[in-house]
Amino acid sequence: MKVALLTGGGDCPGLNPVIRAVVRTIHNAGGKSIGMLEGWRGAIEGNFTDLRVQDTDEIIARGGTILGSSRTNPYKDPDDPELADRLIKTFDELDVDALIAIGGDDTLGVASRLYSERKFPVVGVPKTIDNDLSCTDFTFGFDTSINIVMESVDRLRTTAESHRRVMVIETMGRHAGWIACFAGIATAADFILVPEVEVDIDEMCNILKARRAEGKSYGLIIASEGAKLPQSGMVTQDAEVDDFGHVKLGGIGDTLAEVIEERTGIETRAVTLGHLQRGGPPSAYDRVLGTRLGINAARLVLNRQYGRMVALRGMGIVDAPLSEAVGTLRTLDLEFMREAGEFFKYDADPNHTP
């Protein structure tokens, strides 16, 4: 069996462990693996590289993806199937038996459509630091990301304390608040803003003022890039969209810093962590999860169980139809915010004794 792999969308710690595991599993079964370069773009243009065990055995510790990635969308124009036709032709010419597509909602959405419309032999592996894919409890890359945020905030804490400032840390996450919430809990943030909960500017500022009155000399605010501000909604960088119709989010941290300083009188600075959150080597958890998902994706291909995606459920690896895994955003479970909220309560009368 000859199996192709591709990685699409944003890079993510854990992609290389998946590639390594697929190549090894296919090799053990007597098959061959090739990698399409730069996601769906490579699949359309026929750009690929051979993937051998000896070339991939040590990539488990590398971040990003050795195959490269892009946000190319074969279905960018829904009325023009030309790119999808070229993609199918590429795999026919390469004599590929099946494809393993590793990506998020956009990449797997293309894979699902190829299977449903053309019965293309494809299996999906869920990837995103945002942890917002349906049918899986967690995605690889998420654990590495929140640890990067945690380490960054721990460093920012010392400068915030030294200068008696409030620091607003803007995280990734788009429309799901998993990164901001988990990082906020892990860093003892004074307030967390996520897309799933209406932002209460007054409450946030009151908490900061109350903490200052109680003797805390600094403050930490964790804000998801997709959190919606009253009246203005999400903050975007510009009006441009990518091939999948997504706007570029970013800027809520700077906006919040101005509001906080104006309302509280406390000097405030903003830091946008940006692409730091998905760079560097994957954590041990993400290396193990990526490896397990890669092995089981390869097994689906070997058993010719196409149109499915591997997923983590509890401690086990299962599979689900691609059609069920895409299209529905998996937003933050608000129980985590309710638990985090125990630390956001404040006493309006600091002299009050319970």
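Reader: Which residue does the side chain of Asp202 meet in a salt bridge?
Author: This is a predicted model, where local features need pLDDT of at least 70, side-chain atom pairs count only at pLDDT 80 or more, and totals for chains, interfaces and linings use all residues. Residues are numbered from 1 along each chain as its sequence is written, and side-chain values use heavy atoms, with hydrogens and water left out. A salt bridge is a side-chain nitrogen of Lys or Arg within 4 Å of a carboxyl oxygen of Asp or Glu. Asp202 meets that rule, at 2.5 Å from N to O, with Arg263.

Reader: How many residues apart in the chain are Asp202 and Arg263?
Author: Helices (H or I, at least four residues) and strands (E, at least two) are DSSP runs, numbered from the N terminus. Asp202 belongs to helix H8 (residues 201–213) and Arg263 to helix H9 (residues 252–264). The pair therefore links distant parts of the chain, 61 residues apart.

Reader: Are Asp202 and Arg263 buried, partly exposed or exposed?
Author: Buried means under 20% relative accessible area, exposed over 50%, and partly exposed in between (1.4 Å probe, protein chains only). Asp202 has 46% relative accessibility and Arg263 has 43%. Both values lie in between, so Asp202 and Arg263 count as partly exposed.

Reader: Are H8 and H9 parallel, antiparallel, perpendicular or oblique to each other?
Author: Axes are lines fitted to C-alpha atoms, for helices over the stretch in contact, and angles run from 0 to 180 degrees between N-to-C directions. Those of H8 and H9 come within 10 Å and cross at roughly 60°. Angles under 35 degrees count as roughly parallel, over 145 as roughly antiparallel, 65 to 115 as roughly perpendicular and the rest as oblique. H8 and H9 are therefore oblique.

Reader: How many residues in the contact of H8 with H9 are charged?
Author: Contact means heavy atoms within 4.5 Å, and here it is made by Ile201, Asp202, Met204, Cys205, Leu208 and Lys209 of H8 and Leu256, Val259, Ile260, Arg263 and Thr264 of H9. Ala, Val, Leu, Ile, Met, Phe, Trp, Tyr, Cys and Pro count as nonpolar, Asp, Glu, Lys and Arg as charged, and the others, Gly among them, as polar. The contact of H8 with H9 has 7 nonpolar and 1 polar, and the number charged is 3.

Reader: At roughly what angle do the axes of H6 and H7 cross?
Author: The axes come within 9 Å. H6 and H7 are oblique to each other. Their axes cross at roughly 50°.

Reader: How many residues in the contact of H6 with H7 are nonpolar?
Author: Phe142, Ser145, Ile146, Val149 and Met150 of H6 meet Trp178, Ile179, Phe182, Ala183 and Ala186 of H7. By class, this contact has no charged residues and 1 polar residue, and the nonpolar ones number 9.

Reader: Why is H7 largely enclosed by the rest of the structure, and which residues of H7 are buried?
Author: H7 (residues 178–186) is largely enclosed because 7 of its 9 residues are buried. They pack against helix H6 (142–163), strand S6 (166–171), strand S7 (191–193), strand S8 (219–224) and helix H12 (334–340). The buried residues are Trp178, Ile179, Ala180, Cys181, Phe182, Ala183 and Gly184.

Reader: Which residue forms a salt bridge with Arg278?
Author: The closest N and O atoms of this pair are 3.0 Å apart. Arg278 lies in the loop between strand S11 (268–272) and helix H10 (284–302) and its partner in the loop between strand S1 (2–7) and helix H1 (15–28), so the pair ties together parts that are 267 residues apart in sequence. Arg278 is buried, at 15% relative accessibility. Its partner, partly exposed with a relative accessible area of 27%, is Asp11.
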